[in-house]
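Please work through the following exercises with the sequence and the model side by side, trying each task before reading its solution.

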Amino acid sequence: MPTATLSRLLGLDTLPAPVLAEEERHYLQGFLLGLDQAHAEGAPSLPANAPLAASRRLFVDGLLAGLFAQPAGLPAAPAEVPRHQVLWASQTGNSEALAQRCATHLRNAGLEVQLSCMEAVSPRQLRGAASVVLIASTFGDGDAPDSAMAFWQALQGEEGAHCAEVPYTVLALGDSSYGQFCGFGRKLDQRLAELGARRLLPRVDCEPDLDEAFATWLDALLPALGSAAAPLPVSEAVASYSKQQPWSATLLENRLLNGPGASKETRQLVFDLAGSGFTYAVGDALGVWPRNCPALVEELLAVMQLDGQAQVQLKGQPVMPLAEAMESHLEIAKVTPQQLQCFSQQAADLQRLLQPACKSQLQDWLWGRQLVDVLHAFPQVLPLATWLELLKPLQPRLYSISSSPLAHPDQVHLTVSTVRYGERKGVCSSFLADRGQAVKVEIFPQVSKHFRLPEDDTVPVIMVGPGTGVAPFRAFLEEREARGAKGANWLFFGEQYAATDFYYQEQLQAWQASGHLRLDTAFSRDQAEKIYVQQRLREQGAQVWQWLQAGAYFYVCGDAQRMARDVDAALREVIAEHGRVDADAYMDNLSKARRYRRDVY
């Protein structure tokens, strides 16, 4: 029996959310897609480590047994009409949200659509699809997000041949402030073309302010798919608050978490949600709309030799003074490649730095510098219209939520490290840190479905969150305590000094004393030789392996470039040493079962 038919008979595409948890739905879809189309050895059954609640495991095993026990001679199931596949790969949830909007748009036009995360699909399963629509974010330096790694690797091997002749299009998300703008989307588009897939539309590369580009792409998509039907009105539920419609929240608390003498400035920020209808889940992020520092606006206007009272009109905004536009609507701190190219026309030294051979030298020079510093070094006299083209729209910043709505009704908490270097400040972190209480801040929830607690409260969880990476795990622990979850919790936390940088020390140690939490810490500067969380992970390797074998979920939050890679390497070492199995294969299975989850940046 075709596995797509199985999926439908099980109702995975249509079951309401309460019937199957998201991780169960994803797992079952992947499990069914991985079945052979014929089973001479009898009915398949779920593996022992399948992440399903016991009652639902029995239901699925029974249904599979019934389906595969059908007597011979029954009429064959009708041939499947090739479906349009909408695949997403996301690190923060943006691509997933766009993919959901795209799938709804196509379904309302009468098309049969399968919406999937890339990690749930292999290239083999795309063969014969009516079309494949790929919406992909870029992570790090042009890399694939975690949710696309397995799919991308499969495209490099023999499986990639199944994509030949498949009609496809790619919508790529990125930020041109970074060198590898939309890097993964570009690689995906190029690789599919190399494999002989048929490009339906040119790839579209989207900046963070992507609404207009997405709408234009979506309008062109239906005709390209061969459907001229007018979309029906969209009836899907829309979140109350969003990037476009934030909640203006009162800041209730702005508390320094570091002790006296600390070299860092980390704060707990508490926002009032009373009466707003604002909802979120643990694992979600909070979007914050910042405003630029007024002193920076004044300094920049002086260097640009522009009048702050000059009237300007930005896209979608009323006419306003330039100074107001620079404070509330334009990105004036970050230096972009487009700006550097423009400035280099009048600066030979900058031209030299922009040569490919000088890439590392340029990065070193730019470190700690903002736009105003570049203009001090390379003064520019440009018309106002040129500046308005060079300055990108100000974008919200996303922070991991560090509270559970069950523990703090009508509140949402953040744990934010304030960025200050010399005279310069991080745009959003300093905006929040320097606000007094009772001020208003525009916020919105950013759903992170990839970073959820297991629905089964008996499942153990291991969490690695050094520094402000502890934020979502404080929320996890509060949530599991409020739910009376019986599953064990293990946190690896690290920072520089225990005396000054032990965030939420009293709360964590109280949980430790009550048995709610196993806590391992790594304070790197408290001894001559630096110690980090990945070393603690190796030290506890035998028990980490036991927890994994008992079905534990493994979570990581924090810096992607160093910490997350080091933790990943340490975990693979633990698996190889204590499990004596192929660590890469084991990790692949953990990821496919959605038991290895990362919120890294």
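**Exercise 1.** Which residues of the largest nonpolar core touch the most other members?

The model is predicted, so that local features need pLDDT of at least 70 and side-chain atom pairs count only at pLDDT 80 or more, while totals for chains, interfaces and linings use all residues. Residues are numbered from 1 along each chain as its sequence is written, and side-chain values use heavy atoms, with hydrogens and water left out.

Step 1. A nonpolar core is a set of buried Ala, Val, Leu, Ile, Met, Phe, Trp, Tyr and Cys residues joined through side-chain atoms within 4.5 Å, where buried means under 20% relative accessible area with a 1.4 Å probe, protein chains only.

Step 2. Among the 35 residues of the largest such core, Leu 300, Met 304, Met 326, Ile 332, Phe 343, Leu 375 and Trp 387 touch the most other members.

Step 3. Helices (DSSP runs of H or I, at least four residues) that each supply at least two residues of this core include helix 8 (294-304) and helix 9 (322-328), and helix 8 gives the largest share, 6 residues.

**Exercise 2.** Is Ser 429 buried or exposed, and which residues is Ser 429 in contact with, leaving aside neighbours within four places in sequence?

Step 1. Ser 429, which lies in helix 15 (residues 427-433), counts as buried because its relative accessibility is 5%.

Step 2. With contact taken as heavy atoms within 4.5 Å, Ser 429 meets Tyr 399, Val 416, Ser 417, Thr 418 and Val 419.

Step 3. The side chain of Ser 429 reaches the backbone nitrogen of Val 419 at 3.0 Å.

Key
Buried means under 20% relative accessible area, exposed over 50%, partly exposed in between (1.4 Å probe, protein chains only). A polar contact is a pair of N or O atoms within 3.5 Å; within protein, one must be able to donate a hydrogen and the other to accept it, and residues adjacent in sequence count only if both atoms are side-chain atoms.
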